[in-house]
Amino acid sequence: MAFVSESSHQKFLIARAWDSDIAHSFRRSPLTMTAAFLVVLIIGSAVLAPYIAPHDPFNPATLNLLDGFTPPMEPNAFTGNTYWLGTDDQGRDVFSAILYGSRISLFVGFAAVVFAMVLGVSLGLLAGFLGGWLDTIIMRVADVQLSFPSILIALLIFGIAQGFIAPQHREEMAIWVLIVAIGLSDWVQFARTVRGATLVERNKEYVQAARVIGLPPVLIMIRHVLPNVMGPVLVIATIGLALAIITEATLSFLGVGVPPTQPSLGTLIRIGQDFLFSGEWWIILFPSLTLLALALSVNLLGDWLRDALNPKLR
Amino acid sequence: MDDINRTPAFVEVQSLCRTFDLSKPLLNRLLEREPRKIVRAVQDVSFRINKGETFALVGESGCGKSTVAKMMAGLLSPERGSVVVDEVNVSSGWRSQRVRQVRRRLQMIFQDPYASLNPRWRVDWIISEPIRAFGLLKSEKDIADRVAELLTLVKLSPEDGVKYPHEFSGGQRQRIAIARALSSNPDFIICDEPTSALDVSVQAQILNLMKDLQDEFGLTYLFISHDLAVVRYMAKRIGVMYLGRIVEEAPTDALFKAARHPYTQMLLAAVPDISMSGKTRERVQGEVPNPLDPPAGCAFHPRCPFAFQRCKTELPLAIESGADHYVACHGVDEDRISVFNAMVEAAE
């Protein structure tokens, strides 16, 4: 048996991945490397928030109202405590609030994109591969939805869903309702892209070769077509992540998103806005900068990925 | 074709028909007052292939060769007619156990080796897919052994199994496609222009490989091509298709020595030949008519130098003209067209 053993084959794959075109184009672009570093930094500190945050902004017992409105890097007039990024009106450390806030923003963003991706990819695959009336129905729904701004759709779905949930469960369910609402407002991109790619792939001869041996359509879709249409999906998912984070921030800013007991970056910006004209600029500035850095970096990564995966742009 | 009802051949194709509806949607048709557009891609095609033989279908682009192949492979359902392989009607449906049994024995090799291998699959997965789909071998060890054996058979190295298709050249890819087709131990392989996407030098290698495999495993081929030289090398019998119909069917030697149908004569006269350089050659006149609006009578009459009034109105039926040699032509029937001798012409 002359087959190469599994572990050496894995090493071979890793070596090849490092040597691939995509890795090369990554190493050649300082902007992309900076963006990737920022994304990793924000995600890492969000995941590790309970270990690196100086305070727990959700625990009222650790808060001291006298610490309120401490400016960044200055000792508080009453307690003498110093905070890197200052505190808000209730004496909450802005840095800790950002760490915990980006946790929620990222979780909602990731979950919403995964939901939108699973929904959009499945519907696009079905529409493109099977065609006929199913294709017509799915794509008409998508067209109608595209004619509305996605924030409006998310707002609408969020409002309707909240109406179905008993008031005592609303706060705990809010985050899941938000994920579904953002996901449902964002699946169309995935569905359209996947449908287009599927229409191309399904006529290729390797799909016919699978049909000749009598493989059922579901297996052909999953095993053959899906891996070949996932390239553009990864790009859309990356850019969609930035979009979902911004949508979540917008909804939270408008006050319909996550409850104030679990502030996301959007909630923090909404809270900070109240103090903008009274001179406490740090309460709104730092969460906004974090959101900006996160959304921009994810977008830059998405753009780079799109170019790197497109052989015509190399 | 009286003798068709004698002992059944290994593969029997009987009056296969297929049309494609290219009309616009109903609403557009009503608004623009357009009639339905229906293409008769394949009309009344019948032939038989004996076990271990190669039957070739030749013809210009768009004459329905590939449609016949797709119907035989079960990729398209025939509108009328049947495909019978080893006395099982495979066009009757997919699900029955008997048809599934025959499906295992029927495989297809495609034209474009760059499109016929899934670019995201490793070669050993590609080759072993039919084995897994039909559940022929259970243990991973047996499957890996079989894949290595198949790779060796098509003169590739067993180590090539862990590579991906883009690491191979066109000829190597076509070998992989052949190994995959062989993996379910088929005895009938449909080859849809298997060499037309390859370099001439590679073509010869692939054709020789296919011939060797035929001798070794007693394979039966349906060989589709527009290249007469390739067909002459590979096939025992040839069917010439024009606009969805078989116009002439004969053993290879008979066809090349004594083609009867004016279309076949035209095709043979158009084959490039180095020794003929400098000489004027008979050109193929005109183009294939629009299959949406085929001519009445014999479909070839607008291009035929021998066309008579009868050709414009009456569809010619296949008549036997020589041993096992069938021609659908009024001119041949009425003895107006003499035997065309390509060999003699080329020698002059």
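User: Hi! Is helix 2 of chain B, residues 65-73, mostly covered or mostly open?

Analyst: Mostly covered: in this predicted model, nine of the nine residues of helix 2 of chain B are buried.

User: Which residues are those?

Analyst: The buried ones in helix 2 of chain B are B:K65, B:S66, B:T67, B:V68, B:A69, B:K70, B:M71, B:M72 and B:A73.

User: And what follows helix 2 of chain B?

Analyst: That would be B:G74, which has a positive phi, near 85°.

User: Zooming out, how many helices and strands are there in chain B?

Analyst: Chain B has 13 helices and twelve strands. Of its 348 residues, 41% count as buried.

User: Switching topic, how many residues of chain B are in contact with chain A?

Analyst: 28 residues of chain B, and they meet 18 residues of chain A. Helix 3 (97-104), strand 6 (106-109), helix 4 (123-133) and helix 5 (140-153) of chain B each bring at least two residues to that side.

User: Nice. What domains does the assignment give for chain B?

Analyst: Domain 1 covers 2-258 and domain 2 covers 259-348. Their centres, taken over C-alpha atoms, are 27 Å apart. The contact uses 23 residues from domain 1 of chain B and 26 from domain 2 of chain B.

User: Which element gives the largest share on the domain 1 side?

Analyst: Strand 10 of chain B, with six residues. That side of domain 1 of chain B divides into 14 nonpolar, two polar and seven charged residues.

Notes:
Residues numbered from 1 in each chain as written. Chains lettered and ligands numbered in written order. Predicted model: local features only at pLDDT ≥ 70, side-chain atom pairs only at ≥ 80, totals over all residues. Buried ≥ 20, exposed ≤ 12 C-beta atoms within 10 Å, placed from the backbone. Helix = DSSP H or I, 4+ residues; strand = E, 2+ residues; numbered from the N terminus. Contact = placed C-beta atoms within 7 Å. Domains from an automatic or database assignment. Nonpolar A, V, L, I, M, F, W, Y, C, P; charged D, E, K, R; others polar.
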